[in-house]
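Good morning, colleagues. Please turn to the sequence and the structure as they come up.

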Amino acid sequence: MSNAKSLKMMTEFQHLDNLLDAKASFEKMHPGVVITIEQAADHAESHRALQSDEAPDIVESGGWSIFNRKGLFVDLLPHVEETPGLKEDLNPGVMRVASKDGALTGLPVDVALPLILYKRELFDKAGIPYPQEGWTWEEMMETAKKLTQRNEQGVATQFGFGFGVDVEEIEPFVMRNGGRYVSPDGTTARGYADQLPVIEAYRMLIDAYRVHRVIRRPGEPSEAGELHEGFALIFGFAWFAGAVVRYGLEDKYGVVGLPRMPGGENANMIYMGAAGISAKSPNRELAWAFLRHYVLERPEAFRHANTLPITKSLAERSGYTDNPVWRRFIEEMDVVQPSGFYLSERWNSSRQLINEEIIRMINEGADVAQTIRGWTRFG
Amino acid sequence: MRDGNGLDPDVANNAEEAKESADLGTELAERARAGDTEAFGELIERHRGRAKGWAERMTGDPHLADDIVQDALIRAFMHIGSLQEANRFLPWLHRIVRNQANMRLRRGGPHRREKPFASFEARERDGGSVDWDNLDSILDHLTSSAGQAAMKEDDPAEHLMRKEMYETIHSVLHCLTKKERAIFEAYFFKQLSPDEIAAMYGMTTGSIYTYIHRSRQKLRQEQIRVSLGLLPEKGGAVLARHKMLELAEWPAHASVPTTMVDRLGHMLATMGDSRDMAELMGLSGFAFRMQISEKTTFADGIYMFDWRETLISFARDLGYEAALVCGQLSDFPVPLLGAVEKFPVVLPIEEAVLPFIRQTIDSGRPVLYFDTSAARPFVHEWSLIFGYDDERRVVHLTDVMCPEGKTLSYEDVADNPIRFLAALTRQADRDQTAFLPGPRDTRRRRLAEKSVRFAVSFAKNRSAYRPMTSYLSYATGLAAYDTWIGHLRRGPGSPPNRYGMGHLAHAYSRTKSCAAAYLRTVPFEGEAMRFALLASEAYEQAAEALRELEELVPFIKTAELMQADLCERCAGLLEQARTFEASAIGYLEKTITYLEKGTSQ
């Protein structure tokens, strides 16, 4: 380790408590070391800082876009290699997504993926069996239809499926149907977004809003309350699961994998940010030591978390593998795939433009195939 | 909707309707040519179906036609500034579609390997797969195949290929300056290394690389121009122009904290239409806006509104038409995502912005420009571009922290991750009947009533702008105080952002003062005016509490963490300000009641 005794870290996260705890424990273990923390409001500010003459040693971002930019960060794989046992300990699914062009530019943080959480009470009341692993989209729709209730005016008092409207959240269903939005190298959406598996997955999703009416349409009046109230099946990310665990509701909610799609692929998406070491940092060894401590060595960070640990040992030490809800999320990390937004900045930037078109398909009945074929312009 | 431009008589049911549609089409094309992206979007909506029809007839393949139209529209968008006559938009678009279709057909249709237009970085090292429509591909082929050329001297196919290659390059080389051309030719034709060229010209190797890089960029743009059948642009030095406007005096006391409104006021003053700035703040509603991020005390809430809609409607209230150029670059992290999330994704090409800047400045009007490189402690602010210089390749623009102004290179302007430029044209100049429906006093009163209603509605969180990006949310109006105070009282483990605190206090203390000043001038009478004045007083007190807050957390660039006692003192001042502003809103509700009574009597 170098003789440097100070580290500058920039983070895009608004809640600093976890980072401040890590700073305190690291400084205690390494007397004389001082870590200064600065917040950035967004990726643009982090990017500007990295390019400046006073670049921080470490940057932590809520997304992956700055980690895709060449030359900004050091490759952490050599550090991983030289840390005994770490390579085997890191979750292979997460590493598959995080490593690009044979390099690891950041250690994943703020990791989340979606599964289906179901509210047992609503199933029991309706006398419907709980969903089982390996269920199909059709079975899910049948279940959701039985669990959607509307009053005399047609306003839903309970929805079968709690799901938003977002191109990224629909992507797991696209993947599971064998489709992808963009090419593996991210250079084009042509030949990907406009292909049948994508269109078919969207048709099934749009039918769930328009034909089966089991998902709340954008702007639709509702008396179903919040997501944890009148929704039987919930497309729940780790943060929803985190709330279930935090409030001790594990007996009220079950968790099951996403349904099988006709394409038959077992895949899911993953959200994550990262913390990486600036290529300009003169304190790489110390920075790596702190990163390791902050991200990999503190099970206490997952006591009340909404995110997933990225190593097997951390999953065990934090109690995730013993928890019935978290255990399923950890398992699912094996099948995650890189999403369009990781692979293509152009696709990522077009997110809300695409979402507007999805809303048009749901609310106005815009032709699904024609609309989606036009998405090649976003990739 | 039917097409305009009078080119489509077969679908026009009657002559009058056809003329009206043609006029509208021409007007849209004129606005689009001036760089108005909204107008371009509308134009495209009108003509997309027709363009697809052309492409489909040429190719017989609907999917390929979609791709062709897409590429053609990108090219049309980039070069609309070069359209000579606005009423010839359709033939011009037709030519672009035809050229694109021809290129695609030459390439071999939909099953031939595709390359997205934006992938300029792509490299073709395989001499057999050179893409003749892509200059980079040609240049790469040129550099990689030169060594093998001697072996293939007798190959007729190779000979033809090289002939076409040289023709393509020579057709665009004229866009380079003399020196750029010499270096370019030395590198690509004579196959000299950058080191050798540097030695020849007594320059550093690094600068040779820069020359080669810049030349490639210029050639790419010129190649697109040629593919459009446009007149070639002469070498930069020949047509190089520059122009600098003299901005109106703008002393600090005239300035307001909301930089978009401030720059608009400065712009209008420069155009000979000086306005009272408190009135502009009131009429635009910005005197009454306050938004706080739900994340922490980041200052991005200041910028969260619909930029396009706000600017267009505010300009109309002032008697102006706004022309906009907007977009977000895909390859750069974009700040203020919540505000720009629905901007079209654009390429960092100078031609997409500089014609708009030149044309506006040449007509004596400054350009409103969103500057993402504002001098500290500001991060990004609106500014005014008031000059350009083609030779130095810079624009001159204002910056709050640089009283003399500053310059940005053309590359910096094209590379700005947020593209937002606007120019105003006086409506009365265009159509004398379109504006001022009633007497001036009546109109002033109506606008004042509109802004007071806006103030109440905004305070009660009914007019908030909500980004679609789900992880970005902002508390609005009186509720914003509660969120702000909440951030300050989250405890020592999770302190608020100090830098943003300073910015928020700086901006909103002045905003509330503007609200107070504006309400003193509203043209109401009787009880309505009395309550407006009471509201003004309450806003002044809210402003005072926020000024004290600003003294505690001055607006400076800092990474310090706020201690618990400072957080608590700030929270106390915000509670005071909230109480005063809640009173002000109560008085404004009474103002509205009396205004309505007055109307009904």
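I shall speak about the domains of chain A, then one leucine, then the cores, and lastly chain B.

Please bear in mind throughout that this is a predicted model.

Let me begin with the domains of chain A. The assignment gives two segments to each: domain 1 covers 6-105 + 271-335, and domain 2 covers 115-269 + 342-378. Taken over C-alpha atoms, the centres of these domains of chain A are 30 Å apart. Where they meet, domain 1 of chain A supplies 16 residues and domain 2 of chain A supplies 18. Which element gives the most to the domain 1 side of this contact in chain A? That is helix 13 of chain A, residues 324-332, with six residues. By class, the side of domain 1 of chain A that touches domain 2 of chain A holds nine nonpolar residues, five polar and two charged.

Is Leu205(A) buried or exposed? Leu205(A) counts as buried because 22 C-beta neighbours fall inside 10 Å, and the cut-off for a buried residue is 20 or more. Leaving aside residues up to four places away in sequence, Leu205(A) is in contact with Ile170(A) and Phe173(A). Ile215(A) is ten residues from Leu205(A) along the chain, and their C-alpha atoms are separated by 9.3 Å.

Next, the nonpolar cores. The largest one has 237 residues, and those touching the most other members are Leu117(A), Leu291(A) and Leu421(B). A separate, second core comprises 24 residues, among them Leu28(B), Trp54(B), Ala55(B) and Ile96(B). To return to Leu117(A), its contacts beyond four places in sequence are Ile234(A), Gly236(A), Phe240(A), Ala241(A), Val244(A), Tyr253(A) and Val255(A).

Finally, chain B. This chain has 601 residues, of which 42% count as buried. Its secondary structure consists of 22 helices and ten strands. Among the contacts in chain B with a separation of 6 or more, 68% join residues 24 or more positions apart.

How many residues of chain B are in contact with chain A? There are 30 residues of chain B, and they meet 30 residues of chain A.

Definitions and conventions: Residues are numbered from 1 along each chain as its sequence is written. Chains are lettered from A and ligands numbered from 1 in the order in which they are written. This is a predicted model: local features need pLDDT of at least 70, side-chain atom pairs count only at pLDDT 80 or more; totals for chains, interfaces and linings use all residues. A nonpolar core is a set of buried Ala, Val, Leu, Ile, Met, Phe, Trp, Tyr and Cys residues joined through C-beta atoms within 7 Å. A residue is buried if 20 or more other C-beta atoms lie within 10 Å of its own, exposed if 12 or fewer, and partly exposed in between; C-beta atoms are placed from the backbone. Two residues are in contact if their C-beta atoms, placed from the backbone, lie within 7 Å. Helices (H or I, at least four residues) and strands (E, at least two) are DSSP runs, numbered from the N terminus. Domain bounds come from an automatic or database domain assignment. Ala, Val, Leu, Ile, Met, Phe, Trp, Tyr, Cys and Pro count as nonpolar, Asp, Glu, Lys and Arg as charged, and the others, Gly among them, as polar.
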